[in-house]
Amino acid sequence: MYIVVDERQMVTAAYVAGFDREGVSSLGLFSGEFQDWLKAASSADLDAVQGFLLGEFQERIACAEAIRRHSRAPIIALSEIRSLEQTLELFTAKFDDVVRKPVHVREILARSEAIWRRVNAGDQAQPAVPERLKVYFDGRDPEIDGISLPLPRRERHILEYLVRNKGRRLTKTQIFNAIYGIYSNDVEESVIEGHVSKLRKKLRSRLGHDPIEAKRYIGYTFVG
C-alpha cells in the first residue's frame, strides 16, 4: 500500500488511479489529513505501507520527518521543477529519493523497491532472493530458472510482499492490508487464503518445493 500526499486532489487522484491500474492499493490524502492519519495510525497500519509519495506542499519536509519517526518505508518526493538546491534540501530532510514529474507509477514502484533493498541490505531477516526465483517488484512477472511465471496481479503482489519480508512471519491481516489497503471494506480477509494457496501451487510446480511456509492461525513465511 502507498500513501500519496498533496494539496491538489487532481494530483492524488491521478496517482491513486495509476497505482490501481497496476493492482497496487493506495490512499490519497491532503497534508492536514495525513498528519491526523499518522497520529492515529496503528503499528499494523504503518507496517502495511510500502512507500510514501509526497507532492509539493508547504509542510512537506515536516511530514517527512514525522514519517521517519514512525516508519522505515521509502519516502519519495515529487518535484515540479529541476532544482539542485531543492533536491539537496530534500535529501537532507529524510527523503530517500526525489523524482521529477511526470513519472510513471511503475518507476515509483521500482525506485521504492531499490530503497527497501538498500535500507535492509544488512538485515539478516531479509537475505537475497534465491537465484532460481527472480522477483522484479516493478510490475513484471517473476521468473524461475530464467522463464517467466505469469501471475495474476494480486498473487504477484503477495509474492513480492512475502519475498521482501523473507524469514518474517506475516499474518493474513498484514498481507491483506498491504495488498488491498487498510481501508478496504468490500473484500473479506479470507480471500488471502485463496490467493496464497494458488500461488504456492504454481511455485511448487515450477520449483519442485514449496517456498512458502504456512501455519494455520499464525500466518505465512517465505523461506525460499
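**Close-up views of a predicted model**

**View 1. Helix α2 and its buried side.** In helix α2 (residues 31–40), the buried residues are S31, F34, W37 and L38 (buried is under 20% relative accessible area, exposed over 50%, with a 1.4 Å probe and protein chains only). These four span an arc of only 115° around the axis, so they sit on the same side of α2 (the arc uses directions from the helix axis to the C-beta atoms). What do the buried residues of α2 pack against? They pack against β1 (2–5), β2 (26–29), α3 (43–47), β3 (51–54) and α4 (60–70) (contact is heavy atoms within 4.5 Å; helices, H or I of at least four residues, and strands, E of at least two, are DSSP runs numbered from the N terminus).

This is a predicted model, where local features need pLDDT of at least 70 and side-chain atom pairs count only at pLDDT 80 or more, while totals for chains, interfaces and linings use all residues. Residues are numbered from 1 along each chain as its sequence is written, and side-chain values use heavy atoms, leaving out hydrogens and water.

**View 2. Where α7 meets α9.** R154, E155, I158 and L159 in α7 touch I192, H195, V196, K198, L199, K202 and L203 in α9. That contact splits into six nonpolar, one polar and four charged residues.

**View 3. D138 in its loop.** D138 lies in the loop between β6 (133–134) and β7 (143–144). D138 is buried, at 12% relative accessible area. Leaving aside residues up to four places away in sequence, D138 touches R106, L109, A110 and E160.

Notes:
Nonpolar A, V, L, I, M, F, W, Y, C, P; charged D, E, K, R; others polar.
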